[in-house]
Amino acid sequence: MGEISCSNGISVGNGVNGKSHALTGYRKSCWYEEEIEENLRWSFALNSILHTGETQFQDIALLDTKPFGKALVIDGKLQSAEVDEFIYHESLVHPALLHHPNPMTIFIMGGGEGSTAREILRHKPVEKVVMCDIDEEVVEFCKSYLVVNREAFSDPRLELVINDARVELESRKEYYDVIIGDLADPIEGGPCYKLYTKSFYEFIVKPRLNPGGIFVTQAGPAGIFSHTEVFSCIYNTLKQVFKYVVPYSAHIPSFADTWGWVMASDSPFTLSAEELDLRMKLNIKGENRYLDGNTIASASSLSKAVRKSLDNETHVYTEGSARFIYGYGSALKHNQA
């Protein structure tokens, strides 16, 4: 539910397949505004609009923002911003790959911008990464515009597949040490909410994990008020499928909220902060900007209110009882038009 308003003098860029999208407004400068929830909006100033348009699956925009650099927006929801995306992607990738004793084969569901693959490929044990994203147009314009990830896209260990992640996992014969859900948020009418369900985790994801394998997914807003949207029920849903489930969170400034992830396995997560630091030193090329052993340990120390909600959560995510974060996807918008 993002809106862009601007006056003359702002570069609008090109739309998908060369189609330009008119952006009109009444302000003296150009702003991006996102409705986070009813009666609450988050806005910031833009330098320019690099790309706007519509793919087969989603509405997309690439913005050059003043506070956060280049920002990717899908279906009106900010997905990633240049200045702080390292917090999200380090948090998504490194805890699972560090807890696994030898993560050689990785499957990414989504991840079209390439940042998740970039962080995975920093791990020396990794031999193969399959990145499966449903939207080729999003992948292609991220390749073009997000220079920081070009090396990842050209890494020979990366296999890029354009397909529905459910279909791809069902059809593959390989097993993976880590499977990562870097999917768009579950929004009503969006393409991804079915990939947060108990049946998907139980019958598609878990059977494709090697013994001792780890699954981790982004799980939406995890703030003191927002965690009940989807974070708590994704956690509870994974508890029905895996023996050991760890929710954790971090503040993402460009999201204007705390964000959540959930890590799950049938093997326990036993490494201490010191052991995690040692594995980082041995296994990861370069320095993390956000995560170290203490940060990983503290990320799972949730507030009293959030812990209580998670402990009391009974909702299991299914296609028939899906929960959504605030907003809606392009399919629903087209139906409403």
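What you are looking at is a predicted model, in which local features need pLDDT of at least 70 and side-chain atom pairs count only at pLDDT 80 or more, while totals for chains, interfaces and linings use all residues. Residues are numbered from 1 along each chain as its sequence is written, and side-chain values use heavy atoms, with hydrogens and water left out.

The chain holds 11 helices and 14 strands; these are DSSP runs numbered from the N terminus, with H or I over at least four residues for helices and E over at least two for strands. Count the contacts (heavy atoms within 4.5 Å) between residues at least 6 apart in sequence, and 68% of them join residues at least 24 apart.

How far can the coordinates be trusted? The mean pLDDT, the predictor's confidence in each residue from 0 to 100, is 89, and 88% of the residues reach 70 or more. Over residues 8-27, however, pLDDT stays under 50, and the model has 45 contacts beyond four places in sequence for them. Residues 329-337 also have pLDDT below 50, with 18 contacts beyond near neighbours in sequence. Where pLDDT is low, the predicted coordinates should not be read in detail.

Now turn to helix α8, residues 273-283, whose buried residues are A273, L276, M280 and N283. These residues lie on the same side of α8, because they cover an arc of only 110° around the axis, taken from the directions from the helix axis to the C-beta atoms. An α-helix has 3.6 residues a turn, so residues three or four places apart point the same way. The cover over the buried residues of α8 includes α1 (85-99) and α9 (293-299). On the face turned away from the buried side, you will find the exposed residues E274, K281 and L282.

Next, find strand β11, residues 176-182. Seven of its seven residues are buried, so β11 is largely enclosed by the rest of the structure. Which strands pair with it, counting at least two DSSP bridges as a pairing? β8 (residues 105-110) pairs with β11 in the parallel sense over five bridges, and G110 stands opposite D182. β12 (residues 209-221) also pairs with β11 in the parallel sense over five bridges, with V216 as the bridge partner of I180.

Definitions and conventions: Buried means under 20% relative accessible area, exposed over 50%, partly exposed in between (1.4 Å probe, protein chains only). Two strands pair if DSSP finds at least two bridges between them.
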